Amino acid sequence: MPAASSRRTYLAIGEVLTHPWFHPIHRRLYRLTGGRGVMSRALGMDMILVTCAGRRTGTSRTVPLAAVRDGATWILVGSNAGKAQMPSWVHNLRTDPTVTV
């Protein structure tokens with residue numbers, strides 16, 4: 001059952017990477033490496049920092065996200081590592097689509 005094992009591994013990694021306590025660590029690593037850190041190499045994708053306003057408080061929130069470049073546009077996937085609920089940043093962008101990358 002390699003497929004089931006791979007899925008469990010992916011979900012476990014996703015649980016760590018999407019947990020709010022990991023964001024400050026990831027942001028620091030991103031800034032130290034100029035975006036060429038371990039996570040981007042492991043995922044084989046570009047990593048970007050997206051800052052947007054929290055939908056309830058209006059406080060600036062910066063989240064590290066895997067992204068794919070399409071010309072001058074960044075494509076983001078709000079998958080929340082396979083969880084049933086959308087990540088908070090998706091709800092924030094639906095409320096106010098203004099972001100800083």
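Modeller: The protein chain has 4 helices and 3 strands, in the order α-α-α-β-β-β-α along the sequence. Helices (H or I, at least four residues) and strands (E, at least two) are DSSP runs, numbered from the N terminus. This is a predicted model, in which local features need pLDDT of at least 70 and side-chain atom pairs count only at pLDDT 80 or more, while totals for chains, interfaces and linings use all residues. Residues are numbered from 1 along each chain as its sequence is written, and side-chain values use heavy atoms, with hydrogens and water left out.

Colleague: In which helix is confidence lowest, and in which is it highest?

Modeller: The scale is pLDDT, the predictor's confidence in each residue, from 0 to 100. Helix α3 (residues 38-43) is lowest, at a mean of 60, and α4 is highest, at 90. The protein chain averages 78, and 75% of the residues score at least 70.

Colleague: Why is N92 called buried?

Modeller: Buried means under 20% relative accessible area, exposed over 50%, and partly exposed in between (1.4 Å probe, protein chains only). N92 has a relative accessible area of 7%, and is therefore buried. This residue is found in helix α4 (residues 88-95). Contact means heavy atoms within 4.5 Å; leaving aside neighbours within four places in sequence, N92 is in contact with C52, A53, G54, R55 and R61.

Colleague: What makes the set of I48, V50, C52, V63, L65, A67, W89, V90 and L93 a nonpolar core?

Modeller: A nonpolar core is a set of buried Ala, Val, Leu, Ile, Met, Phe, Trp, Tyr and Cys residues joined through side-chain atoms within 4.5 Å. These 9 residues form the largest such core. β1 (46-53), β2 (60-70) and α4 each supply at least two residues of this core. One of the core residues, V63, touches H23, I48, L49, V50 and W89, not counting residues up to four places away in sequence.
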